[in-house]
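Subject: Structure for your attention

Dear colleague,

Please find the sequence and structure below, as a handover.

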Amino acid sequence: MLKLFFCLRYLRKKKIVLLSIGAVALSTALLIVVSSLFIGFINAFEQTAVDTIGDVILIAPMRFPKYSQLIEQLQQSHVVKAATATLVNEGLLYLGKGNVRRVNVVGIEPASYSDVTAYKKTLLKQKDSATSPTFETGGATGADGGFVGIAVVAEPDEETDEYDFAAIEKMIGQAVVLTTGAAKQAGTSDLAATQQFIRRTVKLTIADIVFTGVYDLDKALVYLPRQRLQDILYPDANGPIADRLQIKLAEDASEESALAQIRGIWSTFASEQLEWSPYNIDQTTITTAKQMQYRYVAALYKQMRILLLIFGIVSLSVIMLVFCIFYMIVLFKQRDIAVMKSCGAASGSIACIFVGFGASVGIIGSVLGAASGYLITKNINTIEEWIRIVFGLKLWKSSVYIFSQIPNQVDWVSCGKIIALAIAAAIVGTFIPAIVAARTRPVEILRYE
Amino acid sequence: MKHGLDVYKIILASRYLVKRRITYFAIVAVALCVFIVVVVMTVLTGLVSDFKQANHGFTGDCVVGTESLVGFAYFQELAQKLEQQEYVEAVSPVIKSYAFLSPVWTERGRGVQILGIEPVRHSRVTNFERTLHYRKGNVDKAFEPVYDPNLPGCVLGIDLVFERGPEGDYTFDSSPIRVGLAITCFPLTAKGALARAATGLVNTKTFYFSDTSHTGLARTDNSLVYLPLEQAQLMCGMDGPAPRVSALYVKFKPDVALQTGCDNVASLWQNFKQQKAEAKYAYSLDTVTVQSWKEYRRGFVAAMEKEETMMIVMFSLVGITTVFIVFVVFYMVISHKSKDIGVLKSIGVSNANIMQLFMGFAFSVGFLGSVIGVLLGWLFLLKMNQIEGWLFEKFGFQLWDRTIYAIGDIPSRVEFQVLVTITLSAIVTCLMGALVPSWQAARLSPVETLHVSRL
């Protein structure tokens, strides 16, 4: 009880302790903000991959038919909730006078694609529709409908990095021209032989605009009906074909076992139905959306750890600060300590007072720091906007950092670790002063001279 | 007497520095912060500088051009006028557009950016020749494949052809592989409409891989294809009675300041535009702007500069902790030295001199701490790439994965200006931390401090 009394008294009376609380709070807030922003960015990156691709993607080394049978077999396995086939290619999109863009063309089956990915909520016009998204253009010109990424048709404002949605929605119904194509081997092994390039241009009407919030996707995405894209690229194909399968796993399926099952089903399907060689079957990539991003995500985690290490090393100065302050308090309070010891307080108890005092500083500082870190992280977009308005400095641009908004989720796991480290640092800083206080000799301190 | 008191300031400051062991904490804290800041800012500044240099080398000093894929007419006349100016070293006409590329080794195609150039002229303005591999030293033959100079060649961004190795290097064959690439463009009329609306809308031609270009700019090396200017004009519909280009890249003479040169070019451009006001294709000149390389590439460069600014701000926040430490240390020192201060004041030392004494002490702490931090930082930077190489060899650890990040060695050249800025900041930080305790020391009354009960 006496220990608690002295802890609280020193906390209230010694104003210089506020400095150490401030230093702990500052370091804690900085580390929490940095780790939350990084982890938020990484999580958003991984989640975007899942929302765009699904849980698992199967990429075959060449196009394959009879995919509906494969989908049926996969769904019978109970680890797969839904699957959809896609065709992917690149192309050029002519939007108007002098305006040509490079695009990634994805042929989809709208109904099953909605079951696997979250693309419906990215459509500006049809996101709230009760039915599955459709490529119909309302009879405009008879041209095929397509969904086009928002950054293909417009750029965000240079200053605010925001799109003019009103103007962009007016582009729905606009006619555009897509050129794409596929190469066909000329039937010779000579690499220098002129390739037979099947080039196709097709008039499209923009049926909807896609806004994923991920600039790299929005600046190049064009969705077309899969069958239509097949007709454009591979008019001679027999039956529906695809070059990849995007898969949504069942809620309770574990990724590892699901991947193993999917590989098994694919292997059987490819050898029996497609009559592919073991080499081509092996060349098929079957991976989760998160695994596809693994290298980039690993690089981001590494950058985060290095930055936290750097700030952590500098924050070690918090330990020095706590040490200095407590050492000073111990020197000033030597008489008090001597009186306590002469009344019978043990050295251990004296040391505990100061260690407890240090822990209190750590707890208060880290709680304040965590609260500040939480507020800053949650309001980071507002703060960024405020900086733009006051200083004219646009810190976050979607064209540089991929996302339109700064991910602002606080990572409580790393927050907890940082708080624990901050308290530990404060306690470590009090060790030597606590030992000095414990070793105080009342006889020497209370002597008259 | 005055001189004697001044000497006392130095003696006492030195004595406190040496005798008061608590001062070592302040020195260590300053040294630690300075070390971290020197290392981080040197690396970051080096990366930004390398990036800026690569961007500058890619475009030359000034760009007269349009973002529209239609381009602008009368460029030969404009180029001639520019080359006659005494401040201009060289001019290179350039076509920028998008194309669809399909190599023979895959049935897939991909979108790329094409840059139509005249290689020799372009090398006088940019560092194009230095980016080549097989034709470095023979830039006039950049578009002539070694295996058959009669074939129409193209130069590809290096990441379109090769994969970056774990140490950021590329493995080249002794000569380029003979491979044909079908390149397809949308030709546009001078008014921006599709030029071949009746006949298929696009132009396709096969080019042959002749060389790679390694600019050090990731987005460029991953998506750029250089073509001969005339071929690019043909494919983009920019040939005809009034041939067009997308831009003129301009290099100034070495003694010409960038802004001065750009202002002169802008003035020349305005005159030229006025002269052509009645010409048939005058409307194509409406979207043309004159920009320095910094403005032209600001979308890329500004992002890096902002990162640098944000790091400086974050380290400033961390530096506040150092201010706290210096404050506490000085508070402690002054608390223990109140008798000394009382004695000094009783023999006539003024408040200002007392403050000077302790501010001098703070200056010494800051100076010593920053010298130690700078020396350690410099040593670490000297060996940083070797340390990273050793870590990679033993543990597979790299600070930046070279297969993802387009950098070579980590920049470790210490800039004198950066060192001076950091040292001065550290000293100012110490002075700020010591300000309040010094002022309190100066206000101490000798009567109170030398009172018998206080002694």
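This is a predicted model: local features need pLDDT of at least 70, side-chain atom pairs count only at pLDDT 80 or more; totals for chains, interfaces and linings use all residues.

Overall form of chain B

Chain B contains 15 helices and 11 strands. Its C-alpha trace extends over about 110 × 60 × 35 Å along the principal axes. The radius of gyration of chain B is 32 Å, whereas a compact globule of 455 residues would have one near 23 Å. Of the 455 residues in chain B, 42% count as buried. When contacts in chain B between residues at least 6 apart in sequence are considered, 82% of them join residues at least 24 apart.

Chain B is divided into two parts: domain 1, made of 2-53 + 302-454, and domain 2, which is 67-287. The centres of domain 1 and domain 2 of chain B, taken over C-alpha atoms, are 51 Å apart. Five residues from domain 1 of chain B and seven residues from domain 2 of chain B take part in the contact. On the domain 1 side, these residues comprise two nonpolar, two polar and one charged.

Helix α9 of chain B

Helix α9 of chain B covers residues 258-275, which is 18 residues. From its first C-alpha to its last it reaches 26 Å, close to the 26 Å expected at 1.5 Å a residue. Within α9(B), the residues G261(B), C262(B) and V265(B) are buried. Because they cover an arc of only 90 degrees around the axis, they are on the same side of α9(B). On the other side of α9(B), the exposed residues are Q259(B), T260(B), S267(B), Q270(B), N271(B) and Q274(B). The cover over the buried residues of α9(B) includes β1 (62-65), α3, β10 (247-252) and β11 (289-292) of chain B.

Helix α3 of chain B, residues 75-84, holds E77(B). Is E77(B) buried or exposed? E77(B) is exposed, because 12 other C-beta atoms lie within 10 Å, and a residue counts as exposed at 12 or fewer. E77(B) and D61(B) are 16 residues apart in sequence, and their C-alpha atoms are 20 Å apart in space.

Helix α9 of chain A

Helix α9 of chain A runs over residues 255-272, has 18 residues and reaches 26 Å from first C-alpha to last, close to the 26 Å expected at 1.5 Å a residue. Its buried residues are A258(A), L259(A), I262(A), W266(A) and A270(A). These fall within an arc of 95 degrees when seen down the axis of α9(A), so they line one face of the helix. E256(A), S257(A), G264(A) and E272(A) are exposed on the other side of α9(A). Among the elements that cover the buried residues of α9(A) are β1 (56-65), α3 (67-76), β8 (241-249), α10 (278-282) and β9 (285-288) of chain A.

Contact between the chains

Chain A contributes 51 residues that are in contact with 55 residues of chain B. Elements giving two or more residues to this side of chain A include α2 (17-53), β2 (80-96), α12 (294-315) and α13 (317-332). The largest share of the side of chain A that touches chain B comes from α12(A), with eight residues. By type, the residues on this side of chain A are 30 nonpolar, 13 polar and eight charged.

Yours sincerely

Notes:
Residues are numbered from 1 along each chain as its sequence is written. Chains are lettered from A and ligands numbered from 1 in the order in which they are written. Two residues are in contact if their C-beta atoms, placed from the backbone, lie within 7 Å. Helices (H or I, at least four residues) and strands (E, at least two) are DSSP runs, numbered from the N terminus. Ala, Val, Leu, Ile, Met, Phe, Trp, Tyr, Cys and Pro count as nonpolar, Asp, Glu, Lys and Arg as charged, and the others, Gly among them, as polar. The radius of gyration is taken over C-alpha atoms; the globule rule is 2.2 Å times the number of residues to the power 0.38. A residue is buried if 20 or more other C-beta atoms lie within 10 Å of its own, exposed if 12 or fewer, and partly exposed in between; C-beta atoms are placed from the backbone. Domain bounds come from an automatic or database domain assignment. The expected span of a helix is 1.5 Å times one less than its number of residues. The arc is that of the directions from the helix axis to the C-beta atoms.
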